[in-house]
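Hi everyone, thanks for coming. Today I'd like to walk you through one protein model, a piece at a time. Please have a look at it first.

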Amino acid sequence: MRVLIIEDEKRLASTLQDLLELNGYTADVCHDGEAGLDNALSAIYDVILLDVMLPKLDGFSVLRRLRAAGNATPVLMLTARSEVTDRVEGLDCGADYYLTKPFEPRELLACIRALTRRQPELRNTDALEYGDLRLEKSSFTLSCGDRSLRLSRKEFDIMELLMLNRELVITKENLLLKIWGYESDAEDNNVEVYISFLRKKLEHLHSGVKIKTIRMVGYCLEKP
Ligand code: CA
């Protein structure tokens, strides 16, 4: 598996490269958008990690040109903020997934595995699946069998993060950072409130999936 990292923050780029190589991937690094696009167009990569703010050519432009050239390599956008507009723009340009910085190494690895293993599912539909649940990204709909309901923006973001990470534990701290952002004054109990909304919705859907609380740490999904 060959991964291209397009990231101008040199320390982060080299940390990512080390992490990937330790995990058996071959990883190449480009520090600006133009070099990144040139390399990406070679089509030798299985996944591309793409930063948004880049010198010479920004991440969205890299992605647009890559897709315009007919290259369908899965792209994982690395966004610095959790702003909705970034995500929407990224997905509109043809990104397969986005990860908000800072992220946990295992979260990144899980994303890469998902993108390489389950490419067709992730690329041809906009839904995530876990157990008996299905989450539609375009309509914010969570469904189980023939029951479905719409989630609020925050509920959707939390559910998406949980489903993407599956049985991995997401810390409350990480949830706060990713869903509410650095500048927010949201606290742990905001997370708890939304988790309880989601639990009610899972019950309403008659889903077998549970959001498990790992005391003093965070949450993860569990299926029967
Ligand atoms: Ca950057």
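Let me start with a definition: a residue is called buried when its relative accessible area is under 20%, exposed when it is over 50%, and partly exposed in between, using a 1.4 Å probe and protein chains only. This is a predicted model, so local features need pLDDT of at least 70 and side-chain atom pairs count only at pLDDT 80 or more, while totals for chains, interfaces and linings use all residues. Residues are numbered from 1 along each chain as its sequence is written, and side-chain values use heavy atoms, with hydrogens and water left out.

With that in hand, take Met216. Met216 is exposed because its relative accessible area is 81%. Its phi is positive, about 65 degrees, although Met216 is not a glycine. You will find Met216 in the loop between β11 and β12 (218-222). When I say helix or strand, I mean DSSP runs numbered from the N terminus: H or I with at least four residues for helices, E with at least two for strands.

His206 also has a positive phi, near 60 degrees, and is a residue other than glycine. His206 sits in the loop between α9 (188-204) and β11 (210-214). Is His206 buried or exposed? His206 counts as exposed, because its relative accessibility is 55%.

One more backbone feature: Lys101 and Pro102 are joined by a cis peptide bond, with omega about 0 degrees. Pro102 belongs to the loop between β5 (97-100) and α5.

Now the calcium ion. Which protein atoms are its donors? They are Asp8 (OD), Asp51 (OD) and Met53 (O), lying 2.1 to 2.3 Å from the ion. Donors here are N, O and S atoms within 2.8 Å of the metal, or 3.2 Å for Na, K and Ca; water is not among the atoms, so sites may look incomplete. Along the chain, the calcium donors follow the spacing D-x42-D-x1-M. Asp51 counts as buried because its relative accessibility is 5%, whereas Met53, at 60%, counts as exposed.

Next, helix α3, residues 59-68. Among its buried residues are Phe60, Val62, Leu63 and Leu66. Just after α3, Gly70 takes a positive phi of about 85 degrees.

On a 1 Å grid over the protein atoms alone, a cavity is a set of points where a 1.4 Å probe fits but cannot get out, and a pocket is an open set with protein on both sides within 12 Å along at least five of seven lines; lining residues have an atom within 4 Å of a point. Points are joined across faces, edges and corners, and a volume is the space filled by probe spheres set on them.

How many cavities of 30 Å³ or more does the structure hold? There are 4.

Of its 12 lining residues, Ala110, Ala114, Arg117, Leu164 and Arg166 lie nearest its centre. The largest share of that lining, 4 residues, comes from α5.
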